[in-house]
Every structure is written in structure tokens, then in C-alpha cells.
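Let's take a walk through a protein chain together. Have a look at the picture first, and then we'll go from single residues to the whole fold and back again.

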Amino acid sequence: MALKWRLCLLLFLATTLNYLDRQTMSILAPILQKEMHLDNEALGWLFAVFYYTYTFSQMAVGPLLDRLHLRWAFGAAVLLWSLVSAATGLASGFASLLVFRMLLGISEAANWPAAIRIVARSMDPSERTLGNGIFTSGTSVGALVAPALILGIASAKGWRWAFIVLGAIGGVWFIGWALATRSPKLGPVWQDAPRQPGAPAESLARVLGEILKSPRFLPVLAVAVLVNPYLYFSVNWLPTYFAQQRGLSPGRELAWILTAIYLGLDLGNLLCGGSVLALTRLGRPLLAARRTVFLTATVPLVACAFVPLLPRLGQAVLVLVAVNIGLGVWVAMYLTMVQDVSATHVSTALGLLSGCGSLAGALAMWAVGKVTHQTGSFAIPMVAFSIAGVLSAVAGCAASRELPQSEVVAT
């Protein structure tokens, strides 16, 4: 296997672990609510505080990763968040859960800025959408595997062991990463080429200024603050939605339903890269191919508004599978858009953009908890996220327009 695709596989596995670790609390939410007497508002705070710390950590970690040796920086980040995940199994109440969620948000923040940087350094531009789709599909595979794995461990050993086992898997990944990335050929991937003697070091202020001046920055920022909250709602609140609105208890039926829904995320991630690649090979310009793909993916996002109106469980599940296919396409497309904002400071650009998206997601998770606690319904959040899907398509068209040569900013 070519080294760049081996790296992509390892990034995929790390991203799977990243989402498994953060999904553990979401999947176990009905159990934790019952055992620790947590209402939806408290649950919303647990989801939100993760994204608050994740947000500000992403903004800080991007510039660091652009300067550190990525091989060890990324490996250490995975090891750290795995330790935090395992320690969550020791939580005794809301306060300790809150602390562990904060620490998990800090430690997981390095995953996307580092992974997107590794893809950008190791792959040609025509391959990056597929590379992004492969490693990003770890989010949906993590979400896909999570219900059966986490509920299975919880049923056999108790909910605390679900956190501990998943944390231990991260330690195994770190050993595999250290062994598989030893090739000297990967040197240029881990660090930028050294500056010429006497060349001035770039200041963070200058790097940020160049990113902010990119004509694609504002529309990609809009995509970030619209798509990220939608994704966070799907992976965090759907287990609670099915428990409270459809009467499902944690068990085999819920596990299968969530598995089917999150399989849609995985399919969307892969369809995004594969579809863009296929369209470009048929002669369609790259940016036009991207627009075709994400506009098509927006259609199912709108259908989320109708889920509360559907009388049958099967109907709701089918619509939510389609919604998650659309989300999977949009997540991979967003990461590709970030790479167009800055060619040389990808981690910094992603940290800034995704940090803003995560902040919007944190506010949204808190708002969902507040609204559902007060109304006893998920109708308002689902309508709101459908509207966000439409707005993301408008922003995406602006982000993917062909730029005159005079507007191209080489950052």
C-alpha cells in the first residue's frame, strides 16, 4: 500500500476512535440520565461544555501543529484523549462528568487540524477530496460502531467499562501509529521544509491576516457554523430523541436503529469524494463538480423538519438515514473547502474555522437541551437544522465560485 494511503487509513482509525470516545456519553445518555438524575438541560450542558473547550483548543492547536513534528504531536493527542476517556469511567456525578467532558474537548481538538494537514502534505489536490472523505468517514464509522459496541459493553459489564475499554483501544492505536510511520520518506509530511538561512519567521498575526484576507474565508466560515451544529445534533441527541419521543429503551433495537442511521454518515463521506472524482474524470470542472455534489446532498437535510410529523418509527428512521447521508457529504466537502482557504497554513485555517463551527455547535447543543426540556419536543430543533442546511448550500456556492486571478490569495 502506498504510504499516503497507509497514512489515510491510520487517520481514519484515529478519527473513528475520536468519535467513539465522544459518542460514548451520547449513547449512554438514557442510562446516565436515569442513574445520575440528569434532565435534558443538564445533558445539554454536558454536550455543550465539550464543544466549548474543543472550540478554544482548536483555535490554539492549529498554529502549534503547523510548527510541531506532526508524527509525535498527533500520536500524543490520541493517547491523551484515550486516557481521558478511560478516566470518565470513574465519574460519580454531574460535576465529575462535566470535568471529564472539558478535558476530552481539549485533548480531541488536535484530530482534524492535524489530519487535514497530513492529507494536504501527502496528497495531490485532485486526491484530497477522496483522502478527506476516507479519514472523515471515521466519524460516521465511529458513530456506526458506537451503538452496538457501547451498549453491548454496558449490558455485559456496566456503563463504566464502556469508557475504560474504548480508552484502552487508543493505546493500541498509538503503538500501531509509532510502528507504521517510521519511513524516512514521510519526513516532509511531518514538518515543513526548513526556512532558508536569514529568512524571517512568520508571525501568527501575519498568518491569521493572510487567512482572513482569503476571498473564500467568510463563506467557508458560514458553512462551518451551519454544518457543524447539524452534525453535532445528529451524533449527540438522536439516542435521546428515540428514547424520549419514540419510547425506545437502550438495547438491541435502539442499537440497530442508530447503526443504520450512522451508516448514512459513512456513505455520505465516501460518496462525496467518489462523486467529485467521477465528475471531474467525466470532464466537469472541479468547483462545478463540488457544487453539484453538495447541492444534491442538501435535499435530504431539509427533510429533517418532517421527522416529528411522521407517525411510524420506520419512516422516521429512513428519513434520518437520508439526512445523515447528506451530512456525511457536507462534512467531507467542508474539509475540502478549508484546504482552498489556505494552501500553506491548513491546520491554522482549520483550527480557526472549525473552532468557530464548534462554538456554534456548543451553543446549539445547549439550546437543544433547553428547548426540549421546556417543550418536551424535538420539533423546533429539527426545523431549525433544516433551515441551516439550506443556508449552508448558499454559503457553499459562494465558497466554491471561480475566482478571478486577481482575487486568488496564496496563503
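In which helix is the place of Arg 117? Arg 117 sits in helix H5, which covers residues 111-122. Helices here are DSSP runs of H or I with at least four residues, strands are runs of E with at least two, and both are numbered from the N terminus. Before we go on, keep in mind that this is a predicted model, where local features need pLDDT of at least 70 and side-chain atom pairs count only at pLDDT 80 or more, while totals for chains, interfaces and linings use all residues. Residues are numbered from 1 along each chain as its sequence is written, and side-chain values use heavy atoms, with hydrogens and water left out.

Back to Arg 117. With a relative accessibility of 3%, Arg 117 counts as buried. The word "buried" means under 20% relative accessible area, "exposed" means over 50%, and "partly exposed" is in between (1.4 Å probe, protein chains only). If you look for Arg 206, you'll find it 89 residues away from Arg 117 in sequence and 19 Å away in space, C-alpha to C-alpha.

Now zoom out to the whole chain. It has 15 helices and zero strands. Its radius of gyration is 20 Å, close to the 22 Å that the globule rule gives for 411 residues, so the chain is as compact as a globular protein of that length. That radius is taken over C-alpha atoms, and the globule rule is 2.2 Å times the number of residues to the power 0.38. Along the principal axes, the C-alpha atoms fill a box of roughly 65 × 40 × 40 Å.

What about the inside and the outside? Of the 411 residues in the chain, 57% are buried. The chain exposes about 16,000 Å², and carbon and sulfur atoms supply 69% of that. (Accessible areas come from the Shrake-Rupley method with a 1.4 Å probe; for residues, only the protein chains shown count as cover.) Take the contacts, meaning heavy atoms within 4.5 Å: among those with a separation of 6 or more, 85% are between residues 24 or more positions apart.

Next, the aromatic rings. Rings of Phe, Tyr and Trp (its six-membered ring) pair if their centres lie within 6.5 Å; planes under 30 degrees apart count as stacked, over 60 as edge-to-face and the rest as tilted. By this rule the count comes to 19 aromatic pairs. One of them joins Phe 74 and Trp 173: the ring centres are 5.7 Å apart and the planes are at 90°, so this pair is edge-to-face. Phe 74 lies in helix H3 (residues 70-88) and Trp 173 in helix H7 (residues 159-180), so the pair ties together parts that are 99 residues apart in sequence. Both Phe 74 and Trp 173 are buried. Phe 74 also forms an edge-to-face pair with Trp 177, at 5.3 Å centre to centre and with 70° between the planes. This pair, too, links helix H3 with helix H7, across 103 residues. Trp 177 is buried, with a relative accessible area of 0%. Elsewhere, look for one aromatic cluster whose members include Phe 47, Tyr 230 and Phe 385.

Cys 304 is found in the loop between helix H12 (286-302) and helix H13 (313-341), and at 1% relative accessibility it counts as buried.

Helix H12 is also the place of Leu 295. Leu 295 is partly exposed, with a relative accessible area of 39%. Leaving aside neighbours within four places in sequence, Leu 295 is in contact with Ala 393 and Cys 397. Leu 295 and Ala 393 are 98 residues apart along the chain, yet their C-alpha atoms are separated by 6.2 Å.

Let's finish with a loop. His 37 is found between helix H1 (3-36) and helix H2 (40-65). Is His 37 buried or exposed? His 37 is exposed, with a relative accessible area of 72%. His 37 also has a positive phi of about 60°, although it is not a glycine.
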